[in-house]
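Welcome! Here is a short tour for someone meeting this structure for the first time.

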Amino acid sequence: REEKQCPLDSPMLGNNTWSFLHTMAAYYPEKPSAEQQNKMEKFIHLLSDFYPCHKCASHFREDLKTNKPVTNSNTALSKWFCEFHNRVNVRLGKAEFDCSKVLERWRDGWADGTCD
Ligand code: FAD
């Protein structure tokens with residue numbers, strides 16, 4: 001069946017956004033400058049202001065009050081996004097992801113060559 005070119009619904013938007021965010025974290029520098037760390041923190045806060053699912057954005061802003069982004073390395077940022085995504089997974093009744101595998105999933109690829 002041919003893919004329909006429809007506007008995104010919120011699960012599709014979420015799925016695409018997580019792909020982007022985890023990939024961005026996976027390619028973030030291992031030793032970011034102070035300016036890069038500062039910009040990444042701002043980026044995350046700005047995203048929570050403009051994320052176009054308003055209920056999700058409101059949860060996101062609430063979460064940021066107690067879970068400050070950790071931006072001092074690629075590994076730390078990837079772990080932070082993974083744990084953030086897991087808090088959303090738990091809220092939605094979805095399975096938690098094993099964060100020790102986040103770079104395998106989003107940068108290096110699974111050893112068996114599968115994608116998900
Ligand atoms: P997704 O959760 O979109 O995950 C995509 C893929 O990421 C998975 O297939 C898996 O391989 C991988 N993955 C899963 N967990 C992790 C993890 N912890 N770390 C790394 N990789 C992982 N939906 C709501 O209904 N209410 C909300 O409040 C809400 N808030 C959101 C806030 C943000 C910032 C974002 C980006 C999305 C939010 N969503 C929310 C959408 C929701 O998280 C899912 O994206 C959506 O339900 C589609 O789920 P999915 O099953 O396609 O998998």
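## The annotated span

UniProt positions are given in the numbering used here, feature names are shortened, and annotations may be inferred rather than shown by experiment. In an unreviewed entry, UniProt lists residues 6-106 for "domain: ERV/ALR sulfhydryl oxidase". The span is 69% helix and 0% strand, and its end C-alpha atoms lie 26 Å apart. Helices (H or I, at least four residues) and strands (E, at least two) are DSSP runs, numbered from the N terminus.

This is a predicted model, where local features need pLDDT of at least 70, side-chain atom pairs count only at pLDDT 80 or more, and totals for chains, interfaces and linings use all residues. Residues are numbered from 1 along each chain as its sequence is written.

## Around the ligand

The ligand has 22 residues around it, and Gly-14, Cys-56, Cys-82, His-85 and Phe-97 come nearest. Two or more residues of this shell come from each of helix 1 (10-26), helix 3 (54-66), helix 4 (74-91) and helix 5 (102-108). A residue counts as near if its C-beta atom, placed from the backbone, lies within 6 Å of the molecule. Helix 1 gives the most, with seven residues.

## Helix 1 meets helix 4

The axes of helix 1 and helix 4 (lines fitted to C-alpha atoms over the stretch in contact) come within 8 Å and cross at roughly 155°. Angles run from 0 to 180 degrees between N-to-C directions, and those over 145 count as roughly antiparallel, so helix 1 and helix 4 are roughly antiparallel to each other.

How values were computed
Angles under 35 degrees count as roughly parallel, over 145 as roughly antiparallel, 65 to 115 as roughly perpendicular and the rest as oblique.
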